Amino acid sequence: MPKSLTPPLARLKQEIEGHAREFGLDFFETIFEVVSYDELNMVAAYGGFPTRYPHWRWGMEYEQLSKGYEYGLSKIYELVINNDPCYAYLLESNSDVDQKLVMAHVYGHCDFFKNNFSFRHTNRRMIDDMANHATRVRRWIDKIGVEKVEDFIDRALSLENLIDQHAPHIRRNPDPQRAEDEMKSNERVEGFKVNREYMRGFINPSEFLDSQRKKVEEEKQRAKKFPERPQRDVLAFLLEHAPLEPWESDILSIIRDEAYYFAPQGQTKIMNEGWASYWHSTIMTRRALKDDEVIDYADRHSGTMGTRPGALNPYKLGIELWRDIEERWNKGRFGKEWDECDDLRARRSWDKKLNQGREKIFEVRKHYNDITFIDTFLTAEFAIDQKLFVYGFNDKRNSWEILDREFRKVKNKLLQQLTNFGQPIIEVVDGNHDNRGELLMAHKHDGQDLKGDYARETLRNVQSLWRRPACIITRYDNKGVLLRFDGQNHTEKKIDL
Amino acid sequence: MSLRIHQDHSRFKQIVRGKIKSNLRKYVQKGEMIGKKGKDTISIPIPFIDIPHFKYGHKEQGGVGQGDGEVGQQLSPGAVQPGDGHQAGQGEGDHSLEVDVTLDELAQILGEELRLPNIERRQNEKIVTQKIKYTGVNTTGPESLRHFKRTYKQALRRQIAMGTYDPARPVIIPTREDRRYRSYKLQELPETNAVIIYMMDVSGSMGDEQKEIVRIESFWLDTWLRHQYKGLESRYIIHDAVAREVDRDTFFHTRESGGTMISSAYKLCRDIIKSDYPKSAWNIYPFHFSDGDNWSADDTRQCIEMLREDILPGVNQFAYGQVESPYGSGQFIKDLREAVGDSTNVALSEIADKDAIYASIKDFLGKGR
């Protein structure tokens with residue numbers, strides 16, 4: 001079981017926390033627990049939460065983590081939970097320098113959790129809620145049976161990415177009653193208000209009234225359509241409209257809550273890991289590191305920053321980008337004058353000694369997510385410095401290869417990868433498709449096809465919740481396709497888009 | 001906390017077991033299992049245990065990477081790592097899961113799936129081995145068995161009781177009386193011993209494909225018998241016109257070009273049994289594989305005679321597998337069927353190709369002998 005800090009570790013914590021505050025980091029109270037490697041693997045398998053609802057996939061995660069450790073392929077160094085207070089885990093066998101590094105890194109995350117806008121709507125008592133979710137699921141297991149519940153969780157998890165990432169920030173239908181009243185008042189179209197009756201025909205010509213009537217009619221049609229507008233939160237739609245048993249909706253809502261809780265972490269991976277790495281490196285090298293710890297620190301730090309050609313390391317990309325922003329704002333390398341300067345030598349020696357870097361990065365960490373972060377701050381110079389490229393699969397050679405180093409393409413690919421965490425955007429477009437109660441979804445195709453076998457299996461799971469045939473419109477090889485699963489068979493129909 | 005993950009972990013393993021079971025036929029035909037064998041475990045790839053999502057095919061997707069290289073340069077194999085979709089910069093890839101299964105578990109699964117009866121032991125629990133079992137803690141014992149934790153606990157307890165423990169300076173010094181030692185008992189374990197004597201025809205007509213079949217099949221026979229008996233020995237005999245005993249490696253990799261005299265192998269088999277495996281103490285399993293093309297009817301007659309008189313009376317089961325070769329399938333299995341096919345301890349099986357291994361295992365082990 002986790003242990004609280006030993007006196008020496010408590011002293012280290014105090015020291016690192018002091019440095020972090022001195023640098024202006026602003027975090028929730030942070031509780032460190034000391035765990036053995038096995039315990040760390042367990043907690044990590046549960047996504048950081050020691051109490052989670054029972055499911056085999058945590059067991060699978062655990063198996064993979066422990067195996068990765070046994071074979072020396074991977075080792076978890078830090079694990080932080082976005083909660084108030086923040087919880088973080090320290091590996092008991094780590095050396096002091098490791099512990100300091102991890103603590104400094106953790107304070108970076110905690111500052112980010114507390115201040116970045118993406119986390120503003122997250123549940124800061126998630127640790128309690130996760131435990132409650134576990135209790136609810138256990139209770140259903142006792143009542144319904146483990147097989148049935150687990151089977152349902154499998155299906156629900158299959159749909160867990162069908163949420164609307166931006167939903168927490170949007171308030172929809174602030175007052176449904178008002179919307180309805182407005183609709184009623186629109187039923188009779190009288191045109192603009194007329195004071196003198198003889199001017200009616202002039203102010204409201206019949207064509208105008210007709211077009212207004214048509215508009216109202218369309219509006220009503222749309223209202224009848226359900227959902228009114230395409231809905232990205234497929235889980236919410238199912239919760240509201242699928243004929244679920246009480247226990248099924250309860251579990252589905254748990255899966256949805258947890259998906260929303262984790263969504264901001266997916267949206268800010270590069271920023272958040274970069275920020276934490278920036279701070280562990282700053283705190284360690286400027287303050288906490290002792291002479292005899294330098295080699296170990298450098299070894300650990302470079303281990304985290306290592307890159308492979310076929311993958312982006314969010315720690316590395318993040319920390320470099322934060323440093324780049326800091327340098328640019330220190331030297332005044334931004335704004336009109338900078339943008340318009342095309343004298344390479346002048347650019348290279350450009351230094352207005354503004355020293356606004358620190359201030360700037362603190363501001364950026366508040367208001368951006370990975371997409372806006374990359375979009376705003378990833379410059380051509382940076383992409384060249386960091387040797388970024390686009391890679392793709394060459395079918396003829398049956399291998400991955402470098403496709404392009406052109407800045408625009410690199411940036412676009414990166415942004416595309418980050419959109420909706422690199423997952424397809426799926427919406428419910430019709431809950432009464434063909435007037436037969438079928439569920440119609442649409443994939444907003446952005447040039448990448450869905451993985452076919454997975455799509456069919458997922459559709460099967462949607463159908464089993466909706467209890468009626470489920471369909472999805474997508475595109476394969478540039479041709480419109482409607483995939484449909486009716487509970488027995490999969491069909492595929494070509495359609496015009 | 002620990003309890004929780006162990007429940008989920010064992011549930012996961014149960015699911016994996018089901019997956020293995022449903023794919024067993026495929027695994028049985030595959031030679032690479034044998035190559036992957038660790039000491040006691042084997043890695044089995046389990047397809048598609050991940051929960052399906054709407055997602056992009058990784059190969060269509062591509063991504064952004066970092067490092068040196070010209071446009072058009074290939075990335076080294078393994079450089080592109082399929083990650084989970086939540087990680088920036090990594091696309092989702094096809095991954096199959098490799099799980100470690102113990103050979104014992106694998107044998108169990110095989111048994112359940114093929115409905116193999118447990119083997120009736122002919123010789124029961126004759127040989128006894130000793131095993132050390134640590135049963136408790138004692139106040140005396142050799143230093144090498146000192147129980148550090150218990151010793152210090154005892155010392156701490158004593159110091160607290162005596163009032164000499166200072167939490168600010170937590171120094172604990174165990175005295176002679178504090179020392180604790182692990183204590184053990186010797187357990188006598190009865191053991192049943194068995195021997196498999198593999199014989200293989202390595203004459204010119206037995207090609208690589210045939211040997212591969214023998215290799216795969218004998219792996220499964222081995223696995224099953226090892227599951228049934230604690231101590232299992234294996235001996236290997238190859239023969240063309242003459243027979244000799246070899247090690248395992250040679251057994252599977254020798255190719256000769258001579259003719260075939262099966263009797264030479266049976267003779268050697270008989271002698272090995274006679275000198276090393278008295279039937280009073282051993283469960284004996286001769287397995288012979290050939291394409292059935294024996295040199296002469298006369299040699300076949302000798303074989304049958306030897307089987308009837310020397311081999312069959314002393315063994316649990318004699319098994320003959322006839323592997324089809326490019327030169328067709330020989331006469332030998334028919335001769336055996338006529339002569340000894342009715343004996344309860346004879347198993348005969350024709351193996352046309354790799355697909356037939358599955359059924360052949362059942363031929364061999366289905367009698368439960």
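How far does helix α3 of chain A reach from its first C-alpha to its last? I am working on a predicted model, so I took every value below as computed from that prediction. Helix α3 (residues 56–70) of chain A has 15 residues and reaches 21 Å, close to the 21 Å expected at 1.5 Å a residue.

I stayed with α3(A) and looked up its burial. The helix is mostly covered, with eleven of its 15 residues buried. Among them are A:Trp56, A:Trp58, A:Met60, A:Tyr62 and A:Leu65. After α3(A) comes A:Gly72, with a positive phi near 70 degrees.

I then took helix α2 (residues 37–45) of chain A, where eight of the nine residues are buried. The buried residues include A:Tyr37, A:Glu39, A:Leu40, A:Asn41 and A:Met42. Just after α2(A), A:Gly47 takes a positive phi of about 70 degrees.

**Entry: chain A as a whole**

I counted elements next: chain A holds 21 helices and ten strands. Its C-alpha trace spans about 90 × 70 × 55 Å along the principal axes. Of the 497 residues in chain A, 54% are buried.

A:Ser206 and A:Arg286 are 80 residues apart in sequence, and their C-alpha atoms are 77 Å apart in space. A:Ser206 is found in helix α9 (residues 206–224) of chain A. I put A:Ser206 down as partly exposed because its relative accessibility is 48%.

**Entry: salt bridges**

How many salt bridges does the structure hold over all chains? I found 51. Side chains of opposite charge can pair when their charged atoms come close.

I looked at A:Arg365 and A:Asp111 first, whose side chains meet at 2.7 Å, N to O. A:Arg365 lies in helix α17 (residues 357–367) of chain A and A:Asp111 in helix α4 (residues 96–115) of chain A, so this bridge ties together parts that are 254 residues apart in sequence. Both A:Arg365 and A:Asp111 are buried.

Next I took A:Glu337 and A:Lys352, which form a salt bridge with the closest N and O atoms 2.8 Å apart. A:Glu337 is in helix α15 (residues 335–340) of chain A, and A:Lys352 is in the loop between α16 (344–348) and α17, 15 residues apart. Is A:Glu337 buried or exposed? A:Glu337 counts as exposed because its relative accessibility is 51%, and the cut-off for exposed is over 50%. A:Lys352 counts as partly exposed, at 40%.

A:Lys353 and A:Asp351 also meet in a salt bridge, at 3.8 Å, N to O. A:Lys353 is exposed, with a relative accessible area of 63%, and A:Asp351 is partly exposed at 35%. I then noted a network in which salt bridges with shared partners join A:Asp434, A:Arg436, A:Glu438 and A:Arg484.

**Entry: aromatic rings**

I wrote out one of them: A:Phe393 and A:Trp400 are edge-to-face, 5.0 Å centre to centre with 75 degrees between the planes. A:Phe393 counts as buried because its relative accessibility is 18%. A:Trp400 is buried as well, with a relative accessible area of 14%.

I also found an aromatic cluster in chain A, whose members include A:Phe23, A:Trp275, A:Tyr278, A:Trp279 and A:Trp322. A:Phe362, A:Tyr368, A:Phe373 and A:Phe377 are also among its members.

**Entry: charges over rings**

Over which ring does the charged end of B:Lys55 sit? I found it over the ring of A:Tyr454, 3.9 Å from the ring centre. Within chain B, the charged end of B:Arg146 sits over the ring of B:Phe148, 4.9 Å from the centre.

**Entry: a surface patch on chain B**

I closed with the surface of chain B. B:Ile132, B:Tyr134, B:Tyr184 and B:Leu186 form a nonpolar patch there, with about 420 Å² of accessible area together. The elements giving two or more residues to this patch are β4 (127–138) and β5 (181–191) of chain B. I placed B:Leu186 in strand β5, and listed B:Leu186 as exposed because its relative accessibility is 51%.

Definitions and conventions: Residues numbered from 1 in each chain as written. Chains lettered and ligands numbered in written order. Heavy atoms only, no water. Patch = residues over 30% accessible without salt bridge, like charges linked within 9 Å, V, L, I, M, F, W, Y side chains within 5 Å. Areas by Shrake-Rupley, 256 points an atom, 1.4 Å probe, with all protein chains shown as cover. Salt bridge = Lys/Arg side-chain N within 4 Å of Asp/Glu carboxyl O. Helix = DSSP H or I, 4+ residues; strand = E, 2+ residues; numbered from the N terminus. Buried < 20%, exposed > 50% of the residue type's maximum accessible area, 1.4 Å probe, protein only. Expected span 1.5 Å × (residues − 1). Phe/Tyr/Trp six-rings, centres within 6.5 Å; stacked < 30°, edge-to-face > 60°. Lys NZ or Arg CZ within 6 Å of the ring centre and 35° of its normal.
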